[in-house]
Amino acid sequence: MKRITALLTLAVLLAACSARTVLVADVDVLSFVDSSEVEGDLAVPGSIDVYVPDADDNLITPDGGQLVTQAPLLDRMSGFAARIAVEVRNDGATDLSVSGAFHLAAASDSANIYDGTDDLKLAEVELTLPAGATQTLELNVELDEDDPALDLLSADGFRVGMAIHASGNGQAHYRIAAFSLVLKARAFDLLPGN
Amino acid sequence: MKRPLRIAALALMLLGAASAQDVRSLGMGGLTLPGPAATGRNPAYAAYDARRFGGGGFTLPLGLVNLALRPSISPLYYFRDPSVFRNHFDLLAFYDQLTHLDEFVINPPASPREIVFHVSADGVTVTDGDGNPFDLNRFSAQTPPPSGSLPPPLLELNLPSGVPGLRLAVGAFLQSGGFGLTPDDALVRDLASGSLQPNTTYHLTATGTVKGGITSTLGYAAPLPALPGFDGRVYLGGQIQAFYGMLYVDTTVTGQTTTDGSGNPGPLGYVTDMFYVVPGNGQGYGAQLDFGVVLDYEAGSYGLGVKNLVGLQRWNGHRMLTDASGSVVSDTAQNVSEGGFRPSIFANAAYLQPLEGAAGDLLLGADLGYAPGAPSGHLGVEYRLAALRLRGGLGYEQGFKLGLGAGLEFSGLRTDLALTSHTAPFTGQVVYGVAASLGLAF
């Protein structure tokens with residue numbers, strides 16, 4: 001993610017002569033996720049929670065999620081969007097109840113971005129997955145510049161992650177199908193009085 | 001570092017305010033007509049009769065309308081309505097209008113609306129808002145650096161000499177140029193292809209130069225005595241122009257970043273190399289010799305002016321270097337000198353032909369200029385019928401320049417209107433503008 005820093009700065013240098021020039025970083029987060037973590041099998045012994053991306057090498061413990069840092073305009077974002085899609089297949093013999101929630105947190109919230117302290121749940125979805133069926137948990141978040149959730153974005157960066165809860169008895173296979181962020185900023189927003 | 005840049009910015013504003021061009025000339029594609037107004041290019045014109053080809057009026061600073069009201073150009077919205085400023089202001093448009101105050105710019109140059117960086121583990125691609133690869137060449141148009149000779153003075157006051165033909169004048173000059181963004185070949189190539197390459201260092205260099213000071217001129221111009229058997233008339237003029245320089249800022253800022261093995265850009269650093277002379281911190285001085293000749297023969301007039309036939313400029317200032325972290329590495333006294341034979345040449349011709357049957361007059365004109373790195377040329381025509389004037393022309397000054405104009409002369413007054421064009425710095429876009437003037441007819 002460090003690359004966002006240089007990219008936005010480079011963009012400022014290139015052509016941010018205009019207040020209306022919007023600098024957009026369209027980040028394919030999924031491409032940075034280790035391939036071994038993109039998909040896997042889970043035993044669902046009644047109830048289980050998993051957290052992606054996995055920051056502490058333990059999928060089932062809440063953690064700091066994905067840190068996005070060092071972009072110079074992070075504290076002046078004029079727009080933010082995120083999309084996460086997780087494909088879940090029920091390999092068991094009974095129905096599974098599956099839900100997902102997208103969390104946005106302050107950069108300092110390194111221990112747990114899912115506990116409601118210094119973080120916000122911005123979107124959630126749930127579905128019932130019959131035995132043998134495959135469905136996709138899809139979360140889309142879009143914040144405009146007036147959204148108070150953007151206060152979590154600071155010059156130090158921010159964190160994102162998705163908590164998935166499954167209940168039932170059996171086996172499930174998951175695959176992260178999409179995880180992308182879109183950050184929008186305008187260099188002139190750094191001017192005093194704006 | 002900020003003080004020299006602030007003073008340079010102020011100088012640019014003054015340059016814009018004082019560089020108003022004759023609207024009649026704008027309507028003829030930027031053509032310079034014979035007359036005392038052309039003394040800055042050919043000192044022989046100091047002795048020339050202004051009535052032969054006519055003069056221009058007072059150019060109205062129509063650009064102020066844009067600077068006050070147009071959201072993309074006016075910085076006043078920063079105070080008046082910050083949201084309008086945030087959504088519309090464009091520094092490129094502001095700079096272009098500021099340096100062309102004599103015209104109401106119709107289509108100011110514009111920065112891109114959106115720059116999108118697509119980041120993935122496979123690399124980085126850069127596109128505009130429509131998904132096309134970002135074309136940095138669109139923003140790398142250069143303006144030529146200031147020439148070795150002093151420019152025609154912005155403001156000049158002629159002092160009474162008491163001797164016919166002898167001219168004493170004091171004035172001020174401001175020169176700017178060399179503005180542009182220069183990406184290195186790798187950056188141009190890889191942005192065009194849409195993907196930054198691994199282990200590559202990219203550079204983007206911004207440059208600009210501003211010079212200013214006061215001048216004093218001692219010149220002599222006069223018509224030669226009539227030659228037996230020759231109907232024409234020859235004017236000769238020469239002048240020594242000395243200057244005291246108070247401002248010289250020559251800046252090069254290079255941004256650079258190096259990608260890692262995956263094509264990810266590393267930290268961005270800016271390296272600055274600036275030579276500066278500002279009031280209270282250095283000065284410049286120098287002099288140059290200019291010479292000119294004008295031949296009037298029948299309906300035509302032909303001039304040749306050579307500026308800086310011999311000249312010397314010396315600037316005592318400082319050179320400051322900053323490293324990629326923004327720290328000043330050195331700020332040491334340095335002198336910059338240039339001199340010798342570095343002439344700027346200006347040749348022009350005009351021909352005034354009465355049309356048959358009282359159908360009016362036709363004025364044709366052309367000029368060619370050469371200064372190191374900045375050739376120019378103009379062709380223009382004016383049709384005169386009673387009080388009406390219709391004009392058109394084409395010129396080249398860092399890019400093509402179109403002019404269309406009209407004027408009215410009546411009861412000793414004149415008014416002129418012109419549709420003109422110029423090439424915008426950085427973007428190279430052809431910008432159209434409207435100019436107007438009022439004046440006395442003679």
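In this predicted model, the second largest cavity holds about 70 Å³ of space. Its lining is made up of 13 residues, and those closest to the centre of the cavity are B:Gly148, B:Asn308, B:Gly311, B:Leu312 and B:Glu338. Three elements of chain B give two or more residues each to this lining, namely strand S10 (283-297), strand S11 (300-322) and strand S12 (328-340). The largest share comes from S11(B), which supplies 4 residues. Sorted by class, the lining of the second largest cavity has 7 polar residues, 4 nonpolar residues and 2 charged residues.

The largest cavity, with about 110 Å³ of space, is lined by residues of chain A: A:Leu42, A:Val44, A:Ile48, A:Val50, A:Val86, A:Val88, A:Val98, A:Ile164, A:Ala166, A:Ala172, A:His173 and A:Tyr174. The elements of chain A that contribute two or more residues to this lining are strand S2 (39-52), strand S4 (77-90) and strand S8 (158-185), and S8(A) gives the most, with 5 residues. By class, the lining of the largest cavity divides into 11 nonpolar residues and 1 polar residue, with no charged residue.

How many cavities of 30 Å³ or more does the count give? The count comes to 4 cavities of that volume, among them the largest cavity, with about 110 Å³, and the second largest cavity, with about 70 Å³. As for the approach behind such a count, rolling a probe the size of a water molecule over the atoms shows where empty space is left.

Note on methods. Residues numbered from 1 in each chain as written. Chains lettered and ligands numbered in written order. Predicted model: local features only at pLDDT ≥ 70, side-chain atom pairs only at ≥ 80, totals over all residues. Heavy atoms only, no water. 1 Å grid on protein atoms, 1.4 Å probe; cavity = no way out; pocket = protein on both sides within 12 Å on 5 of 7 lines; lining within 4 Å. Points joined across faces, edges and corners; volume = space filled by probe spheres on them. Nonpolar A, V, L, I, M, F, W, Y, C, P; charged D, E, K, R; others polar.
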